[in-house]
Amino acid sequence: MANRIDDAGHGGSDPGAVKNDQQEKVWTLEAAKYVNARLKELGIDSAMTRTSDVTLSQNERTNKVKKHAKCISHHYNAGGGAGVEFIHSIYSDGKFEKLLEEEFKKAGYPVRRTFTRMLASGKDYYYMHRDTGATRTTIVEYDFLDGPNFPKLKDKSYREGMYECVVKAVCRDEGVKYVAPEEKKKAEPKKEQVKSETIEKPKANLKVDGYWGPLTTKALQLYLGTPADSIISGQYNTATTRQISGVHYGKGGSTVIRALQKLIGAKVDGLIGPETVRKLQQYLGTRVDGVISRPSTMVKGLQRRLNKGNL
Ligand SMILES: [Zn+2]
């Protein structure tokens, strides 16, 4: 069970706010899906209350949320105003919302306020706080559909920039190193980018465990179009090759390693050593130390990319 859950506000028969031909429920789902996928990419497991345009009653929604320690409820605002709002429970210390504020401000997004709201009865005003028990629920209102920033909101990359701020704040909250999506893209050589767009690449189904074994080798071979025998042949017995299972020692190097070296811009000799590992780490955007650990973050990155068919 994931510790966290992303809640896409509204949905189905409840469109949320509808202003300027924009239904709130469409963008709340976009936000929840974006944040959820990015968190998973960074190794932070998070569930979702809905993944499509379905109706959820208050009870259905809060029952899902209550099963998790932390919830972000994604919303867009309406009613006249400008800037992002963060709302927490009257029982919460608001520390996470401070992190959100910091990240949005750092990225140059207008922040309106962080606040709590109480009923006359002394209970939380919003049911997402009132009826979700011990779950720390944060409502994020990503600016106003009927406010002066709406023209900017129509730009998807502007919206995704906001979602990325949420990802950064969650990383800080969870103590996980943040890696920007662009860093990975930047590392890819231009030529190969064109190639992967024009040719459909196979997608592997590897367990992302950080151990480089025969299945990872085979997926790499299928991806790079070299003979798929699950073996890295022609290697010396070194500190690097001993970290990979399914290596055959001998001379002459390996075809799949040669193809990999070509892709990542390493010296093409067919031998996997610290220099190739460093280049691969740079390419994948993981820590560059030239070492394959067991498990290895670099190998996890490789497995993930092979699973997506997008090395
Ligand atoms: Zn809403």
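Predicted model: local features only at pLDDT ≥ 70, side-chain atom pairs only at ≥ 80, totals over all residues.
View 1. Asp21 sits in the loop between β2 (18–19) and β3 (22–23). Helices (H or I, at least four residues) and strands (E, at least two) are DSSP runs, numbered from the N terminus. The phi of Asp21 is near 65°, a positive value in a residue other than glycine. Asp21 is exposed, because 7 other C-beta atoms lie within 10 Å. Residues are numbered from 1 along each chain as its sequence is written.

**View 2. The whole chain.** The protein chain has 12 helices and 10 strands. Its C-alpha trace spans about 80 × 40 × 35 Å along the principal axes. Of the 311 residues, 37% count as buried. The chain is divided into domain 1 (4–178) and domain 2 (184–308), with bounds from an automatic or database domain assignment. The centres of domain 1 and domain 2, taken over C-alpha atoms, are separated by 38 Å. The unreviewed UniProt entry annotates residues 7–171 as "domain: MurNAc-LAA". UniProt positions are given in the numbering used here, feature names are shortened, and annotations may be inferred rather than shown by experiment. Over residues 7–171 the chain is 38% helix and 21% strand. The end C-alpha atoms of that stretch are 18 Å apart.

**View 3. Confidence along the chain.** The average pLDDT of the protein chain is 93, and 94% of the residues score at least 70. pLDDT is the predictor's confidence in each residue, from 0 to 100. Over residues 191–197 the pLDDT is below 50. Beyond near neighbours in sequence, residues 191–197 have four contacts in the model. Two residues are in contact if their C-beta atoms, placed from the backbone, lie within 7 Å.

**View 4. The largest nonpolar core.** This core has 35 residues. A nonpolar core is a set of buried Ala, Val, Leu, Ile, Met, Phe, Trp, Tyr and Cys residues joined through C-beta atoms within 7 Å. Those with the most contacts inside it are Ala31, Val35, Leu100, Val140, Tyr163, Val166 and Val167. Elements giving two or more residues to this core include β1 (4–8), α1 (24–41), β5 (70–77) and α3 (95–106). α6 gives the most, with eight residues. Val35 touches Asp6, Ile72, Tyr163, Val166 and Val167, not counting residues up to four places away in sequence. A second, separate core of 26 residues includes Ile232, Ile257, Leu280 and Leu311.

**View 5. Helix α2 and its cover.** In α2 (residues 58–65), the buried residues are Arg61, Thr62 and Val65. Down the axis of α2 they fall within an arc of 90°, so they line one face of the helix. The arc is that of the directions from the helix axis to the C-beta atoms. Among the elements covering these buried residues are β1, β5, α4 and β8.

View 6. Asp143 is in strand β8. Asp143 has a positive phi of about 65°, although it is not a glycine. Asp143 counts as buried because it has 25 C-beta neighbours inside 10 Å. Ala134 lies in the loop between α4 (127–130) and β8. Ala134 counts as exposed, with 7 C-beta neighbours inside 10 Å.

**View 7. Helix α10 and its end.** Helix α10 (residues 255–264) has the buried residues Val256, Ile257, Leu260, Gln261, Leu263 and Ile264. Seen down the axis of α10, they fall within an arc of 160°, so they line one face of the helix. Gly265 follows α10 and has a positive phi, near 80°.

View 8. The peptide bond from Arg294 to Pro295 is cis, with omega near 5°. Pro295 lies in the loop between α11 (274–284) and α12. Asn307 is in helix α12 (residues 297–308). Asn307 counts as partly exposed, with 15 C-beta neighbours inside 10 Å. Leaving aside neighbours within four places in sequence, Asn307 is in contact with Lys203, Ala204, Asn205 and Leu206.

Notes: Buried ≥ 20, exposed ≤ 12 C-beta atoms within 10 Å, placed from the backbone.
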